[in-house]
Amino acid sequence: MAATSSSAAVALASLPFPASTSYSRVSARSLRSTRSPRVPTIRCSSASPNLSSGAPAPAPSKPQIELEFVGPKPEADGSYPVDRAAAASGEKLLRDVMNENKIELYAAYGKVMNCGGGGSCGTCIVEILDGKELLNERTNTENRYLKKKPESWRLACQTIVGNKENSGKVVVQRLPQWKK
């Protein structure tokens, strides 16, 4: 009987279980259930013309929106600083594009007290100088918050850059805190 229990212990030790887990009894049924079912093989009857030559198919390029961000204050020589970025059309909010490219959006107060993109604080107001047609229409949140502001003013957290079909250039003015 001692030979049988030692052979069972060797059989358990050779099973592919983690070493940290101890198992007292393993049945043949539980071992069968761990086997993977037979997966059918799918074969293609004809190849694509682009793939048959061995060259990968070119990925369709997404329309790009170029963005220029004009700073809120002129520099010593009177010119305004300009930051540039690009984004795939219809995929990102203006606020996200600015954050990803490390372009200052918030003034001192806004850095501490912004709503994180909810559209309720107004600290991310920007003015669209050119390319308004490349952005989404004002949202209901923007209409409520910017009721008495010029049509060119937008909330960066509510403004989608492009619509997945258009491309072009948008010029955005970051407004100074006192103007908001």
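# Exercises on strands, salt bridges and a surface patch

Six bridges connect strand 1 with strand 5 (residues 168–174), and the two strands run parallel. The model used in these exercises is predicted.

**Exercise 1.** Determine which parts of the chain the salt bridge between Lys62 and Glu91 ties together.

Solution. 
- Step 1: In the salt bridge of Lys62 with Glu91, the closest N and O atoms are 2.8 Å apart.
- Step 2: Lys62 lies in the loop between helix 3 (49–52) and strand 1, and Glu91 in the loop between strand 2 and helix 4 (94–100), so the pair ties together parts that are 29 residues apart in sequence.
- Step 3: Lys62 has a relative accessible area of 52% and is exposed, because exposed means over 50%.
- Step 4: Glu91, with 43%, is partly exposed.

**Exercise 2.** Classify Glu151 and Arg138, which form a salt bridge, as buried or exposed.

Solution. 
- Step 1: The closest N and O atoms of Glu151 and Arg138 are 3.9 Å apart.
- Step 2: Glu151 is in the loop between helix 6 (140–145) and strand 4 (153–155), and Arg138 is in the loop between strand 3 (125–130) and helix 6, so the pair links parts 13 residues apart in sequence.
- Step 3: Glu151 is exposed, at 52% relative accessibility.
- Step 4: Arg138 has a relative accessible area of 15% and is therefore buried, since the cut-off for buried is under 20%.
- Step 5: Elsewhere, salt bridges with shared partners join Glu68, Arg84 and Lys169 into one network.
- Step 6: The whole structure has seven salt bridges.

**Exercise 3.** Which residues form a nonpolar patch on the surface with about 350 Å² of accessible area together?

Solution. 
- Step 1: The patch is formed by Tyr109, Val112 and Met113.
- Step 2: Val112 belongs to helix 5 (residues 108–113).
- Step 3: The relative accessibility of Val112 is 66%, so Val112 counts as exposed.

Conventions
Residues are numbered from 1 along each chain as its sequence is written. This is a predicted model: local features need pLDDT of at least 70, side-chain atom pairs count only at pLDDT 80 or more; totals for chains, interfaces and linings use all residues. Side-chain values use heavy atoms; hydrogens and water are left out. Two strands pair if DSSP finds at least two bridges between them. Helices (H or I, at least four residues) and strands (E, at least two) are DSSP runs, numbered from the N terminus. Patches are made of residues with over 30% relative accessible area and no salt bridge: like charges are joined within 9 Å, nonpolar side chains (Val, Leu, Ile, Met, Phe, Trp, Tyr) within 5 Å. Accessible areas come from the Shrake-Rupley method with a 1.4 Å probe; for residues, only the protein chains shown count as cover. A salt bridge is a side-chain nitrogen of Lys or Arg within 4 Å of a carboxyl oxygen of Asp or Glu. Buried means under 20% relative accessible area, exposed over 50%, partly exposed in between (1.4 Å probe, protein chains only).
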